[in-house]
Amino acid sequence: GSESKMPLTRRIGNTLFALLLGFLSKKKVRDTASGMRVIRAEALSKLLPLPDGLHFTPAMSARALMDDEVRIAEIDMRYHERIGASKLRVLRDGLRFLNVILSAAAYIRVSRLTIPIIATLNLAAGLIMLYPTGFYLASGRLEEWMFYRFAFAGMLGTIAVTALCATIVSEHVSALTLLRYERFGARARGLWRYENLRLLTVAAGALWMIGAFLNLRGVHELLTSGHVSLHWSRVMLGAFFSINLAQVVGTLCSVKIIRALHQRQPFIRPEAPTPRANR
């Protein structure tokens with residue numbers, strides 16, 4: 001509350017962690033580490049296990065805010081400075097606070113962490129390729145020194161696709177593990193939807209076919225003469241499309257396995273009755 005006497009260092013740290021957790025959860029929070037808490041019994045199972053250090057409070061806040069099935073309410077209170085020596089260490093416990101917040105986001109909503117990174121990587125790759133693309137459209141050729149731009153942009157793009165594929169699988173695994181896959185599938189949008197992932201695989205396959213077509217003459221030369229006279233840009237595009245097609249196909253197969261496991265879940269839970277054999 002406004003009358004709290006929290007030390008300046010802790011007030012700054014608390015504000016920064018509240019902003020970070022608010023950004024990740026898309027919800028408003030003012031205090032992530034208050035020790036004064038009341039918890040409904042039915043919500044406790046969604047918060048456990050908790051660490052046994054001072055960072056158990058931000059861990060609880062992070063899990064409650066990242067979980068759509070748990071609601072958190074904040075009520076103003078007066079905060080007085082502690083009498084005696086505090087056990088809190090700014091650097092050590094600050095790193096613990098950061099770790100538990102990021103961990104909660106990672107196993108409940110990993111996309112909140114990875115999507116900004118993926119967008120940044122794609123933006124950087126696009127900016128790097130801006131000049132070579134304009135140069136090629138204007139002159140119909142590429143300079144040799146542009147090879148390094150192609151290589152660096154391709155690396156960034158491949159890392160972005162890898163992160164995206166890992167995010168898709170992680171989101172599905174998280175929903176399956178938390179026994180929420182049915183609701184996750186119904187509410188999923190964008191690339192989280194299985195149907196849209198199949199369309200992405202088709203698009204990646206189409207790009208691979210373009211890359212293969214650009215390299216057909218080179219493959220023929222390699223098989224007949226042992227030498228390749230193709231421009232390096234064609235080879236790099238073909239390699240980029242092939243690597244990313246393999247990643248997308250692997251992601252589609254992984255999600256298909258997760259969907260099959262979800263269909264089996266009702267039959268392998270300990271409390272589930274054993275289905276009768278067909279007579």
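Student: In which helix do Arg217 and Glu221 lie, and how many residues apart are they?

Tutor: Arg217 and Glu221 both lie in helix α10, which covers residues 216-225, and they are 4 residues apart, about one turn of the helix; helices here are DSSP runs of H or I with at least four residues, as strands are runs of E with at least two, numbered from the N terminus. This is a predicted model, in which local features need pLDDT of at least 70 and side-chain atom pairs count only at pLDDT 80 or more, while totals for chains, interfaces and linings use all residues. Residues are numbered from 1 along each chain as its sequence is written, and side-chain values use heavy atoms, with hydrogens and water left out.

The side chains of Arg217 and Glu221 meet in a salt bridge, N to O, at 3.1 Å, the term standing for a side-chain nitrogen of Lys or Arg within 4 Å of a carboxyl oxygen of Asp or Glu. Arg217 is partly exposed, with a relative accessible area of 43%, whereas Glu221 is buried at 17% (buried means under 20% relative accessible area, exposed over 50%, partly exposed in between, with a 1.4 Å probe and protein chains only).

Elsewhere, Arg30 forms a salt bridge with Asp76, at 2.7 Å from N to O. Arg30 lies in the loop between α1 and α2 and Asp76 in the loop between α3 and α4, so this pair ties together parts that are 46 residues apart in sequence. Arg30 also forms a salt bridge with Glu74, where the closest N and O atoms are 3.8 Å apart.
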